[in-house]
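Hi everyone, thanks for coming. Let me put the sequence and the structure up on the screen, and then I'll walk you through a few places in it.

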Amino acid sequence: MWGNMVRSRIWKAKLLNTVTSRSHGSCSGVSAKKWTRPSGFDTGVKTFNSLTKQKEPLILAREGVATWYSCGPTVYDHAHLGHACSYVRFDVLQRVLSRLFGITVTHAMVITDIDDKIIKRSLEENVSPTIIARLYEEEFKKDMLSLKVIPPAVYLRVTENVHHIVTFIERIIKNGHAYATQEGDVYFDIQSIGDRYGKFVGAVDSHGEAGSSNKKDLRDFALWKQSKPQEPYWDSPWGRGRPGWHIECSTIASSVFGSQLDIHSGGIDLAFPHHENEVAQSEAYHQCEQWANYFLHSGHLHLKGSAEKMSKSLKNFIAIKDFLQSYSANEFRMFCLLTKYRSAIDYSDSSMLEAQSSLGTIFTFFHDAQAYMKGQLQCSSVQEAFLWERLAETKASVVTALADDFDTPRAISAVMNLVYHGNCQLQPVSKSDGVARSPAVFGAMIGYIRDVLDMFGIDLQHTEGQQADVNSSSRSLEAIVEQLTNFRSDVRAFALACQDDPTIRTPKKPGLYPDRIPLLKACDSLRNDLAPLGILIKDRGATSTWEITQDHRGQKVQDKDHPETSS
């Protein structure tokens, strides 16, 4: 849908990459902390890589395919808006890569279904950890579908991969990068990898995680933990136990993608220690120079006025299912799009109102543009060539913005600017006899904007369906409103007819029949009475248009042509 523009970008990028081919990050066993630019297929996109702390060209190992691993939820409670924000943002990035740049995203996600928090919750409720985990796993998946997040190619549970994890740990030990303690724990040996540890900010100064006093280094982290009484366990060469936190992701990502991963994503809070430790143990296992080529991290979501991220542990969260009682998935997606994915984002009613307003502006433009295309909205002459130019500029601006680290605020701004120019041309007039009409350009603008929003996961067709059908179960209301509006328009046309005798005039309505003015007032009253019920009638000179809205809050609509009749 994007024409030759994106194809040209990708072709130039491929030519450039042919000349400047680099290391593919293959296994070597000897390397340092420095990032190596991969060779392969240059997507034409630049993205901020947390490994280098700057924007880098996004180069994939295989042409047209991106391997992508993301850390999934720990399923011990309801998913909240902090989770939703991260998953929706990365869903948008994947959609952009797929729809705009023609990349097939192969996405795998882990479900952490065994963890200290899950065990604690199971003991509190006197049920098995499996019941807790399955309950909240299914709820998480339903929440993601409600937010229109495209599911990964595969979800993988930790408990179903413990045998792979044991084998993974055994190989790390064999490679000389881990050790077992007398208590039955296994730790990663940080000192064994020298200065390779510390790819993310804060790693070098870390004091490490709590654990056995037999650790060689305070920074050493658990690969396998001896089971405690009443805890689930699996047999292993080191005794009964369960996996450590970080090892699950390395094992599962490797089981799907092998020794080379294009993209790894997660919230910024996971960069250290989780992703740092993932990199260390994965490269120790594969004896590879560079396991994952790009780490993408999303910013925290904060409740406005709070410096702390939204978190279950801090008990300052809003559950996704509760949020969706007040707002729609489309509105939440627009809320996320208005801020760069790497940035922290403040959640409040006012920020959601901004998202609603943006969607409302777009929908109103669609409604007016369609009314113009149908001949229901009479306008002065449209500057058609100007609008075609603005449309072409918008297309180029959106591609440029999204190729620059997926800059969704800039892309949305370009779309809203196009809507503004379209609205400027849709100025209603009472009569437009003989004026040339330009419906095609508005059709092209509507089609393009729909495509962009659909790429972002905003289903405007669904929104329009909701607004055009209040009870979502019958289309009959539309027909009733259509007939009512047509009848009202006939009454208004009769009431607005001017007298032939110019000597007979009323103070407020020169040229109108005095005995017909009550009909105009009745039409205005009907319009205003229907607005709180979600039926919005707009008078366009001699004709009228209507829409059925989701927002049933009362609003009076003033007749632009005859304001004096509005009560």
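The side chain of Glu 248 makes a polar contact with the side chain of Thr 112, at 2.4 Å; a polar contact here is a pair of N or O atoms within 3.5 Å, where within protein one must be able to donate a hydrogen and the other to accept it, and residues adjacent in sequence count only if both atoms are side-chain atoms. This is a predicted model, so local features need pLDDT of at least 70 and side-chain atom pairs count only at pLDDT 80 or more, while totals for chains, interfaces and linings use all residues. Residues are numbered from 1 along each chain as its sequence is written, and side-chain values use heavy atoms, with hydrogens and water left out.

Let's stay with Glu 248. You'll find Glu 248 in helix 6, residues 247–257; helices are DSSP runs of H or I with at least four residues, strands are runs of E with at least two, and both are numbered from the N terminus. Does Glu 248 count as buried or exposed? Glu 248 is buried, yet has no salt bridge. Buried means under 20% relative accessible area, exposed over 50%, and partly exposed in between, with a 1.4 Å probe and protein chains only. A salt bridge needs a side-chain nitrogen of Lys or Arg within 4 Å of a carboxyl oxygen of Asp or Glu. The nearest side chain of opposite charge, Arg 242, is 8.1 Å away; Lys and Arg count as positive, Asp and Glu as negative, and His and the chain ends are not counted. Leaving aside residues up to four places away in sequence, Glu 248 touches Val 110, Thr 112, Val 158 and Ile 165, a contact being heavy atoms within 4.5 Å.

Now some backbone geometry. Which two residues does a cis peptide bond join? They are Phe 272 and Pro 273, with omega about 10 degrees, and Pro 273 sits in helix 7, residues 271–286.

Next, positive phi values. Lys 148 is not a glycine, but has a positive phi of about 65 degrees. Look for Lys 148 in the loop between helix 4 (129–146) and strand 5 (154–157); Lys 148 counts as partly exposed because its relative accessibility is 22%.

Phe 406 also has a positive phi, near 55 degrees, and belongs to the loop between helix 11 (384–403) and helix 12 (408–425). With a relative accessibility of 3%, Phe 406 counts as buried. In that stretch, just after helix 11, Asp 405 takes a positive phi of about 60 degrees.

How about helix 11 itself? Its buried residues include Leu 387, Arg 390, Leu 391 and Thr 394. An α-helix has 3.6 residues a turn, so residues three or four places apart point the same way. As for length, the 20 residues of helix 11 should span 28 Å at 1.5 Å a residue, and its end C-alpha atoms are 29 Å apart, which agrees; the expected span is 1.5 Å times one less than the number of residues. Gly 375 follows helix 10, with a positive phi near 85 degrees.

Finally, the whole chain. The secondary structure comes to 16 helices and 15 strands, and 52% of the 567 residues are buried. Thanks, happy to chat!
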